[in-house]
Amino acid sequence: GIRRLASFEQLEGTEIYAVVGLSHDEAMAGPYQEIISDIVAAIVAILAGVIATIGIRKLVHSRDSIQKVAHRDVLTGLSNRQYLVDTFPQILVATSKANSYLGMIFIDLDNFKLVNDTLGHSNGDLLLAAVADRFRAAADAQDEVIRIGGDEFIVIHRVNEGDPKDSTEKICWKLLQALQEPFAIAGESIATGASLGASIYPFHGKTMDELSRKADLAMYRGKAFGKGVYTIYYPGLEDAHAKENLSTHSELVGALERKEF
């Protein structure tokens, strides 16, 4: 209920305003007081805006730092599963707007458990970090290498020109080749390989769930053929996988009956 003179300052990059007011009576208390009061109010508002802006910038920086930590795999320095979940929708939107393609490549190291069991988990961690470095070096500059947990990785391969299947196959081959040389861990020469499965946006899916499910299926298809290979998803792979499982089960039952083991 008090008549006031007010001044305000918008805080940079926000929807927040710093407002300073003086009562009309105070402003009119003496000659030229209205002008002086407005000037004082404006100065105070600007100072309040500066102080608040500094505070907001600190909060934003703190938020960004927390987000970076939340999105980073401590062991390898790669992005992690949470980063993939949080950013993949935006990645797909950008890919769609650019009329380009995207390869999602699942990687599972072969026989990694044997390394952990033989040399211990700390040396297993050293191997994972070394593998991550090689994957980073093998991937294209625009690609992202992500550790989603354990000995599993994902490479997001951006295809801006050329045939997306051919481009994805080339990256898969480079990733496999990156593991050809043994790793020197704890004085031991450790050889490890990987099985890769890939799906391609938008042919094999338009969501993270669709693409990841099909890339995962393709990867396990490769493992069934003896590991150390890459497989690009193709329509009908689910049926072929199910039929092979049924056939294998039937053959095992028959083998037991015939004492063929």
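Student: In this predicted model, which residue has its backbone oxygen 2.7 Å from a polar atom of the side chain of Thr-87?
Tutor: Thr-87 has its place in helix H3, which covers residues 81-97, and at 18% relative accessibility it counts as buried, because the cut-off for that class is under 20%. The backbone oxygen that lies 2.7 Å from a polar atom of the Thr-87 side chain belongs to Tyr-83.

Student: How are the planes of Tyr-101 and Phe-203 arranged in their aromatic pair, stacked or edge-to-face?
Tutor: A search of the whole structure finds two aromatic pairs, and in the one formed by Tyr-101 and Phe-203 the rings are 5.5 Å apart, centre to centre. Tyr-101 is in strand E4 (residues 101-110), whereas Phe-203 is in the loop between strand E9 (193-201) and helix H7 (208-224), so that the pair links parts of the chain 102 residues apart. Since planes under 30 degrees apart fall in one class, the angle of 20° between these planes makes the pair stacked.

Student: Is Tyr-101 buried or partly exposed?
Tutor: The buried class ends under 20% relative accessible area and the exposed class begins over 50%. Because Tyr-101 has a relative accessibility of 27%, it counts as partly exposed.

Student: What is the angle between the planes of Phe-135 and Phe-153?
Tutor: Phe-135 in helix H5 (residues 121-138) and Phe-153 in strand E6 (residues 152-159) are 18 residues apart in the chain, and Phe-135 counts as buried at 1% relative accessibility, as does Phe-153 at 0%. Their ring centres are 5.3 Å apart and the pair is edge-to-face, with an angle between the planes of 80°.

Student: Which element supplies the largest share of the largest nonpolar core?
Tutor: This core has 30 residues, and those with the most contacts inside it include Ile-105, Leu-109, Phe-135 and Phe-153. Among the elements that each supply at least two of its residues are E4, H5, E6 and helix H6 (164-177). The largest share, six residues, comes from H5.

Student: Which phenylalanines are in contact with Leu-109, leaving aside its neighbours within four places in sequence?
Tutor: Leu-109 is one of the residues with the most contacts inside the largest nonpolar core. With those neighbours left aside, its contacts include Leu-128, Val-131, Asp-151 and Lys-223, and also Phe-135 and Phe-153.

Student: How far from the ring centre of Phe-183 is Arg-134?
Tutor: For a charge to sit over a ring, the CZ of Arg has to be within 6 Å of the ring centre. Arg-134 lies over the face of Phe-183, and its distance from the ring centre is 3.6 Å.

Note on methods: Residues numbered from 1 in each chain as written. Predicted model: local features only at pLDDT ≥ 70, side-chain atom pairs only at ≥ 80, totals over all residues. Heavy atoms only, no water. Phe/Tyr/Trp six-rings, centres within 6.5 Å; stacked < 30°, edge-to-face > 60°. Helix = DSSP H or I, 4+ residues; strand = E, 2+ residues; numbered from the N terminus. Buried < 20%, exposed > 50% of the residue type's maximum accessible area, 1.4 Å probe, protein only. Lys NZ or Arg CZ within 6 Å of the ring centre and 35° of its normal. Core = buried A, V, L, I, M, F, W, Y, C linked by side-chain atoms within 4.5 Å. Contact = heavy atoms within 4.5 Å. Polar contact = N/O pair within 3.5 Å; in protein donor to acceptor, adjacent residues only side chain to side chain.
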